[in-house]
Amino acid sequence: MDVPSASARLEAALLDVAEANKPTPRDLEKRLQVIQAVRSSLQELPYVKIDVLPYGSFVSGFYKSSSDLDLALVASVHVNTLTPRQLNEMRRAGHSGDFVPLGAFDKTDKAPILRKAALLLRNRQIPRGYSMQYILHARVPIINFKDAWHDIECDLCIGDNTTAFKASVMRQVALINPRFGGLFRLVKAWAKAHGINNGADSTFNSWCLGLVVIFYMQMRPAGAMLPSLVSLFYAETPGPDAVRLLALGSTVDVAVAHGVLEQRVRGAAAEFGHVGSDVSLSALFTDFVNTTRFHLTECLKSPESLRCASVWHGCLTVGKFGRAFALMVEDPFDASDNVARTFGCLDMPPTSLGFVHSVFEATGGVLADARDGQVDLDTAIAWLFGHWVLTEVPALVPSVFSQEMAAWAAREVQRAREAEIPDRHTSTPQAAIANAANAAARAAHDSFRALLGAVQCNYPLPTLDDYRHAFLRNPDILPGRALGHGDGSGGAEAKKSSKGKKQREKRADKDKAAPAGAADHAAAAAGAAPLPSSSGGPPAAAADDAADNAPAPAASAARGSRRHALPAAAGSGVVGNSQGARPRSQHTSSGGGGGAPAAAGDAPSASVQGGAQLHGGGGGGGGKRGGRSGAQTAAHPVGSGGSQGNGKAAAALAGVMGGMAIGGGGGGGKLKQARPHGAKAAANGAH
């Protein structure tokens with residue numbers, strides 16, 4: 001009997017992962033029950049034509065059992081109930097008649113409506129106890145809760161009859177080429193595992209990620225697999241100044257537009273449906289990762305080029321958003337909207353884009369090694385998708401992972417769910433929910449690292465916090481940074497003073513002598529070899545030898561004679577055989593008068609993951625270094641500055657981290673405070 005090749009086994013595993021990300025009939029039934037319960041509860045609102053409509057992944061079909069449910073409250077209100085201000089705004093917006101849709105209100109007026117809706121839902125006991133969150137200052141105000149029956153996370157906003165249009169277009173696009181569905185599901189699972197599908201963390205939102213996949217298939221070097229979206233709505237391409245379908249001032253009826261789309265999709269399927277049918281999913285995924293990484297590299301190296309991905313035209317265009325964004329992906333139905341705005345603007349270093357680039361780069365290396373058989377399949381799948389695959393992809397057990405590993409993963413998932421339950425004894429519900437969410441995220445991340453240790457994975461696992469920490473130590477990690485373009489300043493880095501250059505060179509020399517980083521400290525604590533700094537490289541020979549000599553293993557069917565031990569429970573101090581858990585502790589260091597820099601930054605492992613405060617202090621030059629070290633590694637670092645008010649440096653660096661740094665002047669020094677995301681705020685203070 002022939003043994004399947006490494007590429008064939010990888011292909012089978014990726015197909016299993018994509019298949020497991022499809023919804024089941026039970027998933028559909030649960031969501032329909034929740035929609036009906038919410039719709040029934042909100043009929044008591046003082047509006048007319050009240051309805052609750054789903055949108056997002058539920059409408060597009062790209063959801064699974066653990067996906068959230070996006071809902072929109074659609075209703076109208078009589079003009080006699082509007083305030084004079086609201087009435088004037090409606091008239092300026094072109095609304096006429098006796099009734100105005102709630103979706104036409106601004107977010108200030110939507111907030112009290114959502115509060116009324118939340119009260120009704122709580123009275124009907126629709127949300128699970130202590131799960132209601134009010135996110136009313138966001139770009140799109142929502143209330144978030146988990147339903148009391150199925151524990152499905154729900155987001156309720158105020159919308160209109162166009163709210164579900166984008167998701168329905170995504171569903172139609174999937175009908176053109178069947179390869180899109182498998183690739184998008186695989187990309188979503190991988191992106192979620194690596195923390196790059198979360199707009200709140202300045203990475204891709206789901207709509208943007210879907211457009212990136214469509215753009216790849218339109219621009220695929222070996223041949224386009226999808227048409228431009230404009231060709232699905234118009235026989236002839238409208239002019240560049242034409243108003244898009246959902247843009248302000250559009251007079252297009254979305255129902256009519258959707259009817260045209262359904263007709264043209266059938267013709268497009270005949271033209272594009274067979275393209276790429278002979279390409280394996282693993283090859284398609286690898287090509288997507290490498291091609292997208294190339295585009296991200298170009299954006300980081302040449303931000304002044306204003307590269308913008310346009311799925312409307314199916315090509316690269318020049319971004320015209322009025323702001324210098326780190327990444328530009330045009331909304332196909334509103335040319336004025338950059339759906340990649342979550343990555344921020346170039347007035348700050350694009351660290352989140354650099355982090356995403358590092359994930360793409362590392363993923364390309366892992367996939368290449370897995371296809372060539374240079375790494376075990378369980379190691380590759382564990383690194384790509386995390387520990388959830390052991391519980392949600394049953395086809396991988398025992399073909400890839402052992403039954404013992406699956407049982408361990410089930411316990412870890414349950415532990416994360418328990419951590420997600422808010423503590424009712426916390427001062428406020430909002431604080432309890434936030435604390436529980438943070439605890440669940442830490443538990444999931446610990447489980448991910450524990451799994452990688454158990455399978456002897458020696459590939460680096462990029463995280464946003466670690467990347468920002470590394471950026472503060474060495475800004476040149478951003479692609480193109482050494483050329484003076486990585487910060488979006490068009491060469492400003494090269495124009496800095498020679499004094500600043502010497503200081504950076506001195507810090508670099510000290511960093512070379514210092515420990516490699518948090519991951520290496522944790523690995524050393526567990527007695528294992530540190531993770532390699534190069535992304536995507538094969539495991540070191542030492543790691544292979546350790547795996548071959550691992551004691552008392554739970555065998556993985558995929559490894560043959562190679563065996564590995566089950567991971568220890570996350571947080572127990574030992575992570576498998578590869579990496580130790582990072583203790584949550586507090587490090588304090590203080591320098592002497594004008595002495596050497598504080599050494600706090602040399603042992604950052606506690607605060608990188610545990611969130612502990614790190615204090616760096618000292619007199620003279622020591623305070624500056626200590627303050628910088630704290631800004632690098634702690635959520636709220638504190639660094640006491642020297643006689644020249646060196647706390648300013650710590651504040652500036654902490655702004656990049658989104659944290660807070662406090663520097664106390666040694667004699668006439670100034671206290672500087674950096675708000676999250678680098679907003680400037682300063683207050684004079686005494687020693």
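How many cavities of 30 Å³ or more does the count come to? The count comes to four. Keep in mind as you look around that this is a predicted model.

Let's start inside. The largest cavity has a volume of about 210 Å³. It is lined by 17 residues, and the closest to its centre are Phe-215, Thr-292, His-295, Ala-309 and Leu-327. Where does the lining come from? Helices α8 (206-219) and α10 (281-301) and strand β7 (307-310) each give at least two residues, with α10 making the largest share, five residues.

Ala-309, one of the residues closest to the cavity's centre, has Leu-316 of β8 as its bridge partner. Together β7 and β8 make a hairpin with four residues between them, and in that turn Gly-314 has a positive phi of about 70°.

Next, the charged side chains. Side chains of opposite charge can pair when their charged atoms come close. The structure holds 15 salt bridges. In one of them, the side chains of Arg-39 and Asp-51 meet at 2.7 Å, N to O. Arg-39 sits in helix α2 (residues 25-41) and Asp-51 in strand β1 (residues 48-55), so this pair ties together parts that are 12 residues apart in sequence.

Another salt bridge joins Lys-166 and Asp-331, with the closest N and O atoms 2.7 Å apart. Here the link is between distant parts of the chain: Lys-166 is in helix α6 (residues 165-176) and Asp-331 in strand β9 (residues 330-331), 165 residues apart. Lys-166 is partly exposed at 24%, while Asp-331 is buried, with a relative accessible area of 1%.

Then there's Arg-85, whose salt bridge with Asp-109 has its closest N and O atoms 2.8 Å apart. Arg-85 belongs to helix α4 (residues 84-92) and Asp-109 to helix α5 (residues 107-123), 24 residues apart. Arg-85 is partly exposed at 40%, but Asp-109 is buried at 10%. Salt bridges with shared partners join Arg-85, Glu-89, Asp-106 and Asp-109 into one network.

Finally, look at helix α15 (residues 429-454). Its 26 residues reach 37 Å from first C-alpha to last, close to the 38 Å expected. After α15 comes Gln-456, with a positive phi near 60°.

Conventions. Residues are numbered from 1 along each chain as its sequence is written. This is a predicted model: local features need pLDDT of at least 70, side-chain atom pairs count only at pLDDT 80 or more; totals for chains, interfaces and linings use all residues. Side-chain values use heavy atoms; hydrogens and water are left out. The expected span of a helix is 1.5 Å times one less than its number of residues. On a 1 Å grid over the protein atoms alone, a cavity is a set of points where a 1.4 Å probe fits but cannot get out, and a pocket is an open set with protein on both sides within 12 Å along at least five of seven lines; lining residues have an atom within 4 Å of a point. Grid points are joined across faces, edges and corners, and a volume is the space filled by probe spheres set on the points. Two strands pair if DSSP finds at least two bridges between them. A salt bridge is a side-chain nitrogen of Lys or Arg within 4 Å of a carboxyl oxygen of Asp or Glu. Buried means under 20% relative accessible area, exposed over 50%, partly exposed in between (1.4 Å probe, protein chains only).
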